[in-house]
Amino acid sequence: MNRKYLIYFFTAVSVLILAGAGCKKFLDVNKNLNNPTPSSVQLSMVLSAAERNISGNLALGTGLGNTMAVYTHQVTGRVGADRYGAGSSGWEGLYAAISNLDVIIARGATENRFVYAGIAKILKAYTFSMLVDVWGDVPFSEFDKFGAGVTQPKFDKGIEIYPQLFKLLDEGVADLNNTTINPSKPGADDYIYKGNITNWTKAANTIKLKLYTQVRLVQDVKAQVTALLAAPNSLINSQAESFMLPYGPIGSTDDRHPAFGDYNATQRGGQLFSPWLYEIMKGRNANILKGVADPRIPYYVYNQKTATGLPENCTDYRDGGFISIVFGSTGPCRDGSNSQTYSLLGIYPAGGRYDAGAGVTINSIGAQNAGTGALPHQFLTYADRLYLEAELINAGLAPGNETAVFGKALDESFAQVDYLITNYVKPGSAGAAQTVPAIATLPATATYKSGVLAAYESANGAKKLEYIMTEKWINRIENPVDNYTDYRRTKFPVLFAPAPEGTVTSVTSPDGKVTPVANDRKYPWSLPFSTGEIALNANALPQKVPESYKVFWQP
């Protein structure tokens, strides 16, 4: 067997084992331990593994998720992504998940398990769309065709892959609605929708809307998006229908969200809240939302210090209790140990703690008690769908009242925070339990919405799009890969830009400290190809220059 396919095979098998070990409910595996072939593994186990693996390579807190969060200036840290120097993290994991999905699709057809096959096709289309969005041209038509004698899969052009994804989504929906009697259907093993065919169909249609929006600058999609939006009940149309994968609290196994990892870390500094995003949310950015204070800050950020709390070492960026480091910092305080000083991702993006202002360190609380970590990964939510609709109306590609839809998207952004905290995170069940105020009904939230809409309504078309994309970026902090895609499509939100691409050479924090910044790379328009793929696949493309290699949908 070709070495590359050996890697994929054993990766897939290990994923099944690891995913099973990490699940809250174990499922029996009927297999010959001396011959762990895909046909000997229960489809329920394969589906669970694939779903968990996809999320585990995209969510905030994963390698790819954190890279994209740094590239879109929501997170910062002493990491390779600082100064845009990250590698190809996520490639192998996403392809391993697709290998598992292919097993489900093949066996679903031969065993009449069409609902399994339909879900797998929808997930496969979604996962390949993410691969194209991040890397551009990738193996598609010849991937996982070892049985047909293909040992060195070619790289297909992204522009040729995308049309196949729409077909795959249609095939998935058709399988879901196949009237053939299935020997078994997904239930608890489907972590996302528990086998709910209606919700999977809505997810497939909303993925279509997302993909059409992403190609709108290079393809006329008006007819397609108008048809989709004309039937809102066929799309994700409520918080409960959002396309998400739940994570659970620690128990006999640790199922907590990947972004919760910093709460357990002995050395913190690789996953910190970005001062750029913080200042926008505080209303301090002169370009956008100036003077409009976002009430989500104590949900997004947990401060380990009060405004007067002493740090362990000197700090790079400080605003009272908020303490972080600046992207591209070359200052003397960037690398000091401040694990009990840095502000951490809060209850909303990580399932951690709500900031009530007490300034208690996580070490004092204890990582096991700090929070439940049970925030879901949000592939595509109801709020996301509304932001897509607002963008399409703004672009003249769909009918509707742009202001009304944007206002509804803002409402659902705040409702999403409450919905996820109440139904999933459940902070009252943490070791150090918290009572978290509902944000949607706070007076500060109504004030914020009024301020955003006032600024939006006084803007022109392009500036209105900036408001839409900026609010979408703030809301979707847990799904940074899509934020990376949106920025490359629209150039919004405006990001922090140190030289050489920008002109920023220093940052003055609210405490008066001036931090020099430097950046030796221009902005990467895609990620480099996997070095392992290039080494093992004779048909792999030469390594790219990320700052000049654009995905086909970029203008």
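Is D255 buried or exposed, and what is its relative accessible area? D255 is buried, with a relative accessible area of 1%. Buried means under 20% relative accessible area, exposed means over 50%, and partly exposed lies in between, using a 1.4 Å probe and protein chains only.

A word on the model before we go on. This is a predicted model, where local features need pLDDT of at least 70, side-chain atom pairs count only at pLDDT 80 or more, and totals for chains, interfaces and linings use all residues. Residues are numbered from 1 along each chain as its sequence is written, and side-chain values use heavy atoms, with hydrogens and water left out.

Back to D255. It forms a salt bridge with R52, and the closest N and O atoms are 3.9 Å apart. A salt bridge here is a side-chain nitrogen of Lys or Arg within 4 Å of a carboxyl oxygen of Asp or Glu. D255 lies in the loop between strand 4 (243-245) and helix 9 (261-264), and R52 lies in helix 2, so the pair ties together parts that are 203 residues apart in sequence. Helices are DSSP runs of H or I with at least four residues, strands are runs of E with at least two, and both are numbered from the N terminus. R52 is buried too, at a relative accessible area of 15%.

Let's stay with helix 2. It covers residues 43-58. Of its 16 residues, 15 are buried, so the rest of the structure largely encloses it. Now its length. At 1.5 Å a residue, helix 2 should span 22 Å, and its end C-alpha atoms are 23 Å apart, which agrees. The expected span is 1.5 Å times one less than the number of residues.

How many salt bridges does the count come to? The count comes to 28 salt bridges. Take E171 and K121. Their side chains meet in a salt bridge of 4.0 Å, N to O. This pair links distant parts of the chain, with E171 in helix 6 (residues 158-176) and K121 in helix 5 (residues 114-135), 50 residues apart. E171 is partly exposed, at 39% relative accessibility. K121 counts as buried, at 14%.

Next, D156 and K154. They form a salt bridge, with the closest N and O atoms 3.8 Å apart. D156 is buried, with a relative accessible area of 8%. K154 is partly exposed, at 38%. There is also a network: salt bridges that share partners join K210, R216, E391, K472, R476, D482, D486 and R489.

Now a charged residue without a salt bridge. D384 lies in helix 15 (residues 382-394). D384 is buried yet has no salt bridge, and the nearest side chain of opposite charge, R476, is 4.4 Å away. For charge, Lys and Arg count as positive, Asp and Glu as negative, and His and the chain ends are not counted. Setting aside neighbours within four places in sequence, D384 is in contact with F379, N475 and R476. Contact means heavy atoms within 4.5 Å.

F379 comes up again with N479. N479 sits in the loop between helix 18 (461-475) and helix 19. N479 is buried, at a relative accessible area of 1%. Residues up to four places away in sequence aside, N479 touches Y126, H377, Q378 and F379. The side chains of N479 and D482 are joined by a polar contact of 3.4 Å. A polar contact is a pair of N or O atoms within 3.5 Å; within protein, one must be able to donate a hydrogen and the other to accept it, and residues adjacent in sequence count only if both atoms are side-chain atoms.

On to the cysteines. A disulfide is a covalent bond between the sulfur atoms of two cysteines. The cut-off used is a pair of cysteine sulfur atoms within 2.5 Å. How many disulfides does a search of the whole structure find? The search finds one. The disulfide joins C314 to C333, S to S 2.1 Å. The torsion about the S-S bond is about -120 degrees, so the disulfide is left-handed. C314 lies in the loop between strand 6 (301-302) and strand 7 (317-319), and C333 in the loop between strand 8 (322-324) and strand 9 (344-345), so the pair ties together parts that are 19 residues apart in sequence. C314 is partly exposed, at 39% relative accessibility, whereas C333 is buried, at 6%.
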